[in-house]
Amino acid sequence: MPVNVELLRGLIGELDDSGAHRWAAYCLGRLHRLLPFDPHVLAERISRDIESQHVRSVRRLIDTARRKGGLPPMRMIEIAGKLACHGYWEESGRIFQELSRLPEEGGRLVRQSPSLLVDRAPHRLGRLADDIRRLGAMSGVGMAPVQLKLARLCFTCGYLALAADLYSSAGAQGTLPWRDDVAYRYSLARTGAPSPLSGDIGEPPAGVPKRADAMMMIAYDKLARDDYPGAASALEGAIRLHYFDRDDVELLVKESLAALNAIDSLRCGPSKVAADLLVAGEDVDSEFGEDGNRGVPKVFICGFGWSGSGAVYDDIRGVRGFCEFEGPGHDTILNEDSDSEVTFIQSSTGLGGLWLHLKHRQTLDWSQMWDLFSLHVVGLAPIGYSNYKSCAAAVRHVRRYGAHYMRPFCQLLQGCGGLLRSPRKGGLFQLLRETTEGLCTMLVAQNGGKAVLFNNAVFGRDVEMLEIFRACHAVAVFRDPLDVYADRKDKDKNHWRTPRQLAEFYGRGLQRYLAYRTAAGRRVGATLREVPFERFVRDSAFRWRVRAWLLPGLEDRGHTYFDPLISSGNIGLHQRSVDAEEAGQLQPATAAHQEMERLSRSIWGL
């Protein structure tokens with residue numbers, strides 16, 4: 001009987017959360033046997049073996065990873081930091097030496113993970129490797145400065161438990177700088193570790209400027225320690241500092257404090273969510289007196305990462321009546337064409353991620369709602385590339401729409417608390433739908449539009465997120481896996497996957513889509529279709545059919561930004577840049593790709 005690897009991944013997390021670490025380790029071993037080349041599974045195995053002091057196993061697994069194509073660079077930083085934490089200085093230094101072969105001695109990798117401390121983190125990983133190896137030769141004598149560097153690096157890469165351990169060791173030998181003190185306290189609060197610190201963090205010393213991100217982290221720490229007045233004061237300071245130039249700053253503060261109050265009520269309430277609250281479907285719509293097909297028309301262009309969805313987006317974005325939410329905009333660390341991606345849905349901390357977590361885990365943790373508020377509503381305190389994108393988009397929304405943008409989110413936070421206290425069948429599902437509908441209604445009212453266009457607001461592998469939207473049409477655009485790899489290798493600023501790893505990642509995304517499509521059946525058949533990139537580019541008649549299906553009720557007039565001649569140059573890229581060995585490693589993704597082709601033909605016809 002085949003094993004559902006996604007369920008197994010979720011089970012490992014649940015076992016760890018409940019303290020059943022031995023069973024979690026057993027399940028991880030099973031998962032590793034099923035996915036021997038999955039870099040994240042391999043990295044997790046290595047991390048657990050370090051904690052268990054199985055150094056021989058760690059060396060063997062790292063050597064295996066090197067032979068099979070490597071580990072994600074960010075996970076290598078985690079492994080190196082964990083090795084240093086356990087006193088394996090030589091092994092840690094060896095990994096950092098390997099990372100120093102990346103562009104700019106690893107500096108570009110560090111910059112791709114922005115945080116409060118990204119400017120303080122070490123950017124030349126070769127120098128860090130030398131420092132660590134020197135400590136190994138001296139049995140760790142004089143380690144505090146290196147531990148501080150490692151703590152900053154782990155923090156900015158999002159490994160907060162590691163950062164807390166390293167800060168604890170570094171801080172024991174002297175007072176931490178103010179920003180590091182904030183990062184240390186925040187790391188402890190986020191990981192739920194008992195704090196050895198006494199007293200509150202004070203004001204920054206003279207000459208050290210206040211930072212809104214730091215104040216937001218202080219607010220979280222205080223709320224976690226049951227200091228609501230302190231959290232409210234820090235949050236208000238963060239909002240006033242970040243949006244000081246807005247005329248409606250008082251209203252922004254008012255909405256933010258209302259959100260904080262709602263989050264605090266969730267913190268004190270139960271985390272388990274009754275299954276009845278999550279019931280979705282037509283029967284629930286009718287119970288609430290609603291029609292799931294009524295609302296602001298919405299069009300979603302979904303891709304699988306470098307799968308050609310931009311071609312469909314360019315073809316229709318000039319149609320009159322469309323309006324769009326803000327993306328993160330242009331930034332040197334962001335990938336080309338990501339400037340228009342709507343992040344408050346697709347992210348694990350966004351509305352779509354919240355729905356999937358509720359639906360499959362049936363828990364609601366206050367820290368989830370804090371992340372939704374912090375990253376997607378007020379745009380503060382990001383750690384890492386994805387969170388940075390989300391914050392950049394949120395800030396643009398607040399600067400353009402002010403409290404009009406914030407209010408639907410605040411109503412969601414308040415509504416969650418009410419439903420947990422007084423459950424109603426399908427209540428949370430409907431509340432999320434009301435939130436997305438409220439945001440879309442706000443957008444068309446503010447811009448005078450008729451419909452909302454979403455570009456990669458939901459990835460194809462996560463189309464289940466579309467359940468929290470009324471009146472939507474969506475296409476999932478897919479592409480030859482060989483060309484996906486060629487394009488990512490050339491243009492993706494965060495690219496690290498080998499052909500085998502890309503095949504597994506891309507193929508798994510297609511399989512996840514197909515599994516949902518099969519399970520949902522006719523329920524989504526009228527609103528979701530598959531579009532092969534190559535056919536869309538080459539076949540103008542097919543292009544017009546896709547366009548007509550996506551634009552019900554809109555006048556099909558307006559400028560098209562799509563140029564089939566330019567896009568045709570993106571077909572067959574692999575013939576110029578992917579060798580025979582790489583092409584062979586990419587073959588495992590072709591089966592799912594062919595199934596997508598069959599599904600597309602069955603819907604659109606030949």
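These legends describe close-up views of a predicted model. Local features need pLDDT of at least 70 and side-chain atom pairs count only at pLDDT 80 or more, while totals for chains, interfaces and linings use all residues. Residues are numbered from 1 along each chain as its sequence is written, and side-chain values use heavy atoms, with hydrogens and water left out.

**View A. Helix α6 packs against helix α8.** α6 covers residues 89-99 and α8 covers residues 125-137. Helices here are DSSP runs (H or I, at least four residues), and strands are runs of E of at least two; both are numbered from the N terminus. The angle is about 165°, and the axes are 8 Å apart. That makes α6 roughly antiparallel to α8 (over 145 degrees; axes are lines fitted to C-alpha atoms over the stretch in contact, and angles run from 0 to 180 degrees between N-to-C directions). The crossing of α6 past α8 is left-handed (the near helix is turned anticlockwise from the far one by less than a right angle). From α6, the contact (heavy atoms within 4.5 Å) uses W89, E90, S92, G93, R94, F96, Q97 and L99. From α8 come L125, G126, L128, A129, D130, I132, R133, L135 and G136.

**View B. G136 sits in helix α8.** G136 counts as partly exposed, at 32% relative accessibility (buried is under 20%, exposed over 50%, partly exposed in between; 1.4 Å probe, protein chains only). A84 is 52 residues from G136 in sequence. In space, their C-alpha atoms are 9.4 Å apart.

**View C. F96 belongs to the largest nonpolar core.** A nonpolar core is a set of buried Ala, Val, Leu, Ile, Met, Phe, Trp, Tyr and Cys residues joined through side-chain atoms within 4.5 Å. Leaving aside neighbours within four places in sequence, F96 contacts I77, A80, L125, L128, A129, I132, L150 and L153. A second, separate core has 25 residues, including I301, F322, F542 and L551.

**View D. Q362 has a positive phi.** The value is near 55°, and Q362 is not a glycine. Q362 lies in the loop between α18 (351-361) and α19 (366-376). Its relative accessibility of 26% makes Q362 partly exposed.

**View E. A471 also has a positive phi.** Phi is about 50°, although A471 is not a glycine. The loop holding A471 runs between β3 (451-455) and β4 (472-478). A471 is buried, with a relative accessible area of 17%.

Key
Parallel < 35°, antiparallel > 145°, perpendicular 65-115°, else oblique.
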